[in-house]
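Welcome to my notebook. I opened a new model today and wrote down what I looked up, one entry at a time.

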Amino acid sequence: MGLPEERGRSGSGSRGQEEAGAGGRARSWSPPPEVSRSAHVPSLQRYRELHRRSVEEPREFWGDIAKEFYWKTLCPGPFLRYNFDVTKGKIFIEWMKGASTNICYNVLDRNVHEKKLGDKVAFYWEGNEPGETTQITYHELLVQVCQFSNVLRKQGIQKGDRVAIYMPMIPELVVAMLACARIGALHSIVFAGFSSESLCERILDSSCSLLITTDAFYRGEKLVNLKELADEALQKCQEKGFPVRCCIVVKHLGRAELGMGDSPSQSPPIKRSCPDVQISWNQGIDLWWHELMQEAGDECEPEWCDAEDPLFILYTSGSTGKPKGVVHTVGGYMLYVATTFKYVFDFHAEDVFWCTADIGWITGHSYVTYGPLANGATSVLFEGIPTYPDVNRLWSIVDKYKVTKFYTAPTAIRLLMKFGDEPVTKHSRASLQVLGTVGEPINPEAWLWYHQVVGAQRCPIVDTFWQTETGGHMLTPLPGATPMKPGSATFPFFGVAPAILNESGEELEGEAEGYLVFKQPWPGIMRTVYGNHERFETTYFKKFPGYYVTGDGCRRDQDGYYWITGRIDDMLNVSGHLLSTAEVESALVEHEAVAEAAVVGHPHPVKGECLYCFVTLCDGHTFSPKLTEELKKQIREKIGPIATPDYIQNAPGLPKTRSGKIMRRVLRKIAQNDHDLGDTSTVADPSVISHLFSHRCLTIQ
């Protein structure tokens, strides 16, 4: 994509030992001198030159890359226009406005017709059970996407409409999102682990006119009746004055009844019978996916969209409690995910790529669907969990499909570390060339285990920092080119101009620690919060006018490497997913027994962070194990299982300032049993602190 190419391959690594130093510092890792670089990844010196050019001349740099894609009409005016400074007017970002294209056409039609990749496998699907497998080629995927595009159009879905998708990791999820993109509708994918309340909230916020879901699925041993949850959500929407007129249902657990398991061009087979699952049916609203597809034509002209037309909405937690609908647009997002995928993972045509993230998160959007398909890659689509039916599952899949590039979360790495090396080393893993991590900073111990045990000390690790809002990787090593330090996000990607600011908004040079911001736009940046541009400006641009504010703290070391130190606002990073403390607190106080609640993060050996909740009860209520379970259940129902607290402590009083503000800084110290509280002179009632320390939950770290 417009960058000079150099011969060789990445994939070999250091033979020495790495050591993590104090405070997350570590000696750098780099390939031994005899290891050549990839055909795609430039040398470190060349990378620095290209990066400088990409920042100083973004129009020329990204303009060259844009030539690799199909445009129905070219950009008639400025390639890039933007304003990052709220004091100078409305915040806006426009890349290639006026140019028209279709991202589905670029990732499917061109691969099939121009690049002759129709017979290439787009996805190997691996179900929850090891015996549940299928594959789908680029041609088969194109046909199914065209069919479902016609289904959507027949249901009245038009360009600009919003479609909610609430599905597990099955091929129909990819088909549904690409069909939306093909006809210019915005997909709003809701993670299948979220509650009916969360689904309802997202449907209402973006006024989705249609829902796509599944009958049910297994996550490990657990059966999830997704249709039941979807029905509850639609009932809540009805009660709030917004009836959704159509719900399309994939028969996933009931596939065997359809006799559709023999051909790879059909839906995946299902081996596990579920006679006890009752699927409710709402006549006049519910429609079976397979029946609609049987009647649909297999050709569908794409809707040609402006580069700045919205592509999808994806909700992320907000510090005010109400999720934000992050909006990404067609042209810039396409360029950015395609380019980051190609260079960060050192993609080659023969690779088998596996990103373990669920498509319900941004990682799945960018590096399960759009990024790999834009490059004509073969990927693994995995429905299951790392520990089912045993802790060997990930590595058996790596060997089964000869995975070359593997991308997962530090949470999964820490979880599997607990079971020792043997479940990993009993598998070959010889195909692996590059390992990646995503979702949160990885601690050096987990990084070293990942490199030494999983990668057998020969695979570079790309530790990527980015956000739902950024669309793609922002700070990352390039495999085989960048000397790495365990736990560091390393360097900015092409077009990314980071800075570290102090509380006064001054840029800090050299070694520094402060607020991580970006000085100018990159193509994949979000354009707005759906239906609330004022919130977009306030959240990301108001604190430091002229900069995009990430909300993360960051340290830059003497070598220019970036180390993410965590959220600065009231957000928690649980298993790589952001949760709003305000959202959890709101769910707690809805219980009749709770008068007030405060939620903080607590270190967790697997999840990174977990939730530690303090609850003040109303008069007449007593704290008990039964109440604790009720509160956990309420949070699961209101938000989803991922937000379930590990600890709930009775708090007859909370440490507050004289103006009534809860001092969460002090609560974090109490949760961690850290008596070094610093200045507590502003606490209205210091005795509250002593009481909370003496009654804190017994925690593990």
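**Ground rules**

I began with a term I needed throughout: a residue is buried under 20% relative accessible area, exposed over 50% and partly exposed in between, using a 1.4 Å probe and protein chains only. Helices (H or I, at least four residues) and strands (E, at least two) are DSSP runs, numbered from the N terminus. I noted that this is a predicted model, where local features need pLDDT of at least 70 and side-chain atom pairs count only at pLDDT 80 or more, while totals for chains, interfaces and linings use all residues. Residues are numbered from 1 along each chain as its sequence is written, and side-chain values use heavy atoms, with hydrogens and water left out.

**Entry 1: helix 19**

I looked up which residues of helix 19 (residues 664-671) are buried, and found R664, V666, L667, I670 and A671. Seen down the helix axis, the buried residues of helix 19 fall within an arc of 150°, so they line one face of the helix. That arc is taken over the directions from the helix axis to the C-beta atoms. An α-helix has 3.6 residues a turn, so residues three or four places apart point the same way.

What do the buried residues of helix 19 pack against? I found helix 17 (581-589), strand 30 (594-604), strand 31 (608-617) and helix 20 (687-694); contact here means heavy atoms within 4.5 Å. After helix 19 comes N673, with a positive phi near 60°.

**Entry 2: the whole protein**

I stepped back and found 20 helices and 32 strands in the protein. Of its 701 residues, 63% are buried. I also checked contacts between residues at least 6 apart in sequence: 74% of them join residues at least 24 apart.

I traced an open sheet of seven strands in the order 5-4-17-16-18-19-20, with mixed pairing. Two strands pair if DSSP finds at least two bridges between them. At the edges I found strand 5 (133-137) and strand 20 (461-463), each pairing on one side only. The twist averages 20° from one strand to the next; axes are lines fitted to C-alpha atoms, for helices over the stretch in contact, and angles run from 0 to 180 degrees between N-to-C directions.

Then I went through some of the pairs. Strand 4 and strand 17 are parallel, with four bridges, and E126 stands opposite F382 in strand 17. Strand 16 also runs parallel to strand 17, joined by two bridges; F353 has S379 of strand 17 as its bridge partner. Strand 18 (residues 405-408) and strand 19 (residues 434-437) pair in the parallel sense over four bridges, and there F406 is partnered with L435 in strand 19.

Why did I call strand 17 largely enclosed by the rest of the structure? I did so because five of its five residues are buried. T378, V380 and F382 point one way from strand 17, while S379 and L381 point the other way.

Helix 11 (residues 362-374) lies across strand 4 (121-126), strand 16 (352-355), strand 17 (378-382) and strand 18, and runs at about 165° to strand 16. G376 follows helix 11 and has a positive phi, near 70°.

I turned to helix 13 (residues 410-417), where six of the eight residues are buried, so it too is largely enclosed. They are P410, T411, A412, I413, R414 and L416. Their cover includes helix 12 (393-401), strand 18, strand 19, helix 15 (444-454) and strand 31.

**Entry 3: nonpolar cores**

A nonpolar core is a set of buried Ala, Val, Leu, Ile, Met, Phe, Trp, Tyr and Cys residues joined through side-chain atoms within 4.5 Å. The largest one has 124 residues, and L141, F148, I165, L178 and I212 have the most contacts inside it. A second, separate core of 30 residues includes F382, L394, L448 and V453.

**Entry 4: one loop glycine**

I ended with G487, in the loop between strand 21 (475-476) and strand 22 (491-492). Is G487 buried or exposed? G487 is buried, at 10% relative accessible area. G487 and I442 are 45 residues apart in sequence, but 5.1 Å apart in space, C-alpha to C-alpha.
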